[in-house]
Amino acid sequence: RARGGPVGRARGPGPGAGVGPGPGAGAGAVVAGAGAGAGAGGGVVREGDRVPAGVMLRYFNAEGELQEADARQLCAGRRVVLFAVPGAFTPKCAHEHLPGIVAQAEEIRSKGVDTVACVAVNDHYVMRAFGEAVGAPGAGVLMLADAGGELTRAFGVGLDLSGSGLGLRSRRFSMLLEDGVVARLNLERGGDFTVSDAATILDGL
C-alpha cells in the first residue's frame, strides 16, 4: 500500500533494429560490465544470479497510485517474468515486443507465473502512457520505470544509443525469476529481437 506521501513503497509481493529514425539499436554499443553486476564479480547477468537489492523501481498500481519498490522485494516469493525493452514508444518495442507479450500475458500467468512486468530506462509517467497505449493495464502487465538505469547497470545490460539520441538504454531481454533468482534468461545481442518474445518465454515455462 502507498505510504509516506504521493509515492508509496511497495512491500513484499504485491533499443537493435527499430529504435526510431536514424540508426537502429543494432548500431548501439553494448556497455559491458556497466555498474555492479548481478552475478558474482559483476558483469552481465546470468542464470543463477539474484536480482540486486537496493535498486528502486517506480510504477503505478491498479488504483493509479505511484509506488516505489526495491527490485528484489518485488520478486520475493514469486515467479516473475521480467522483460526489458530499449525504449518506450520506439517502433519495435511499441509495435512488436510489448504488444506480443500483452497478448499472451494471460497464458503466461496460466503457467504458474505471478507477475508479468516490463522494464525500460524511462520515467514512470512515460511507462504508464506506453503501457496504456497497448493495453498493458487490462492485461495485468506491470510497467516498471528504471529511470536512472540502475537496474540496467546492475544487470550489466546497458546499451549505448547516444548515436541515435537515446543515451543509455537496456538490451532487450526476458527472464524468469524464481523468488528473485534468474531461472531462465533470454538476452538479445544489442537491440535485436529474436529470443525475448512471448513465444520464447512460453517455451521456457
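Which residues have the most contacts inside the largest nonpolar core? In this predicted model, they are F130 and V141, and the core they belong to has 26 residues. Several elements give two or more residues to this core: the strands β5 (79–84), β6 (115–120) and β7 (141–145), together with the helices α2 (91–110), α3, α4 (136–139) and α6 (198–203). The largest share comes from α2, with seven residues.

V141 shows what such a position looks like in detail. Leaving aside neighbours within four places in sequence, V141 is in contact with F83, L98, V102, A105, V116, C118 and A136.

The relative accessible area of V81 is 1%, so V81 is buried, the limit being 20%. Residues up to four places away in sequence not counted, V81 touches I108, V113, T115, V116, A117, M175, L176, I201 and L205. The C-alpha atoms of V81 and R109 are 9.0 Å apart, while the two residues are separated by 28 residues in sequence.

The aromatic rings come next. A search of the whole structure finds three aromatic pairs, and two of them are described here. A pair of rings is described by the distance of the centres and the angle of the planes. For F60 and Y125 the centres are 5.7 Å apart and the planes stand at 50°, so this pair is tilted. The pair links distant parts of the chain, with F60 in strand β3 (residues 56–60) and Y125 in helix α3 (residues 124–133), 65 residues apart. How accessible are the two partners, F60 and Y125? F60 has a relative accessible area of 16% and is therefore buried, whereas Y125, at 49%, counts as partly exposed.

F155 and F173 form an aromatic pair with an edge-to-face arrangement, 5.9 Å from centre to centre and with 85° between the planes. This pair, too, links distant parts of the chain: F155 lies in helix α5 (residues 150–155) and F173 in strand β10 (residues 173–178), 18 residues apart. Both F155 and F173 are buried.

The ring of F60 has a further partner. The charged end of R128 sits over this ring, at 3.9 Å from the centre. F60 therefore takes part in a tilted pair with Y125 and also lies under the charged end of R128.

How values were computed. Residues numbered from 1 in each chain as written. Predicted model: local features only at pLDDT ≥ 70, side-chain atom pairs only at ≥ 80, totals over all residues. Heavy atoms only, no water. Phe/Tyr/Trp six-rings, centres within 6.5 Å; stacked < 30°, edge-to-face > 60°. Helix = DSSP H or I, 4+ residues; strand = E, 2+ residues; numbered from the N terminus. Buried < 20%, exposed > 50% of the residue type's maximum accessible area, 1.4 Å probe, protein only. Lys NZ or Arg CZ within 6 Å of the ring centre and 35° of its normal. Core = buried A, V, L, I, M, F, W, Y, C linked by side-chain atoms within 4.5 Å. Contact = heavy atoms within 4.5 Å.
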